[in-house]
Amino acid sequence: MFSTPVARMTFPDAADVSGDLTQTVLARSGAQAKDFGYKSETAGEFTQWGGPPAVRLTRWVCSAAGRFVESLTGLSLTEAFARSSALEGEEHGAAGRQVRVAASRSWASLYRAGDRHEAHFHPNTAWSAVYYLAAPGACDIEFLDPRPGVDYFDSGISLAGDSHRMRLSCTPGELLLFPGWLRHSVPEFQDESVRISIAWNLSYVLA
């Protein structure tokens with residue numbers, strides 16, 4: 001019960017865009033980046049300042065997210081959106097209009113030795129997407145048990161992985177897609193070379 005969908009896939013054009021995108025991100029990692037103390041993050045929309053390679057990658061990410069939803073529901077995006085709206089008793093004026101996945105926000109995160117990101121989620125986001133652009137080795141991310149009550153109740157015996165974390169180790173060129181409400185964290189990065197990931201908040205929009 002209460003399974004959580006997560007997709008992991010490889011960008012087929014990674015070799016074509018990764019070098020240019022890495023240099024573009026590094027060029028913005030100084031005055032044009034926000035330093036949070038635990039990592040730095042680029043300002044502005046990645047899809048706007050990243051140039052054609054960023055647009056190419058973002059289009060693939062949005063398309064991949066749409067295909068993932070369709071594989072989960074067995075319906076087209078438009079049909080799945082209409083069904084969910086009907087279940088909620090809502091009217092979105094979607095009759096006769098197509099639904100697609102679009103990026104509402106995008107940015108690059110840079111991690112250096114000692115950096116980490118504590119558990120968080122992305123509010124008002126249908127899907128969170130993380131693409132690993134550059135790193136000296138594996139890029140770890142942890143997903144936390146999405147059931148909030150398990151953090152406050154000790155049953156004495158764990159029956160379903162209560163309060164456990166699941167760690168994935170990804171490599172540059174890989175994309176992760178997961179629900180915006182799923183809490184995730186980045187464990188401490190322990191390398192002198194920089195680790196760069198691109199993130200998108202994805203939403204459904206009427207076309």
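Trainee: At what angle do helix α1 and helix α3 pack, and how far apart are their axes?
Mentor: First, a caveat: this is a predicted model, where local features need pLDDT of at least 70, side-chain atom pairs count only at pLDDT 80 or more, and totals for chains, interfaces and linings use all residues. Residues are numbered from 1 along each chain as its sequence is written, and side-chain values use heavy atoms, leaving out hydrogens and water. Axes are lines fitted to C-alpha atoms over the stretch in contact, with angles from 0 to 180 degrees between N-to-C directions; helices are DSSP runs (H or I, at least four residues), and strands are E runs of at least two, numbered from the N terminus. Here α1 (residues 14-27) packs on α3 (residues 51-73) at about 130 degrees, and the axes are 9 Å apart.

Trainee: Which residues make that contact?
Mentor: Contact means heavy atoms within 4.5 Å. From α1 you get D16, V17, D20 and L21, and from α3 P53, A54, R56 and L57. By class that's five nonpolar, no polar and three charged residues, where nonpolar is Ala, Val, Leu, Ile, Met, Phe, Trp, Tyr, Cys and Pro, charged is Asp, Glu, Lys and Arg, and polar is the others, Gly among them.

Trainee: How do α3 and α4 pack?
Mentor: α3 and helix α4 (residues 77-87) pack at about 60 degrees, with axes 9 Å apart. G66, V69, E70 and T73 of α3 meet L77, A80 and R83 of α4.

Trainee: Which residues lie nearest the centre of the second largest pocket?
Mentor: A pocket is an open set of points on a 1 Å grid over the protein atoms alone, where a 1.4 Å probe fits, with protein on both sides within 12 Å along at least five of seven lines; lining residues have an atom within 4 Å of a point. This pocket is lined by 17 residues, with T4, L144, D145, P146 and M166 nearest its centre. The elements giving two or more residues are β7 (139-144) and β8 (165-170), and β8 has the largest share, three. The lining divides into ten nonpolar, four polar and three charged residues.
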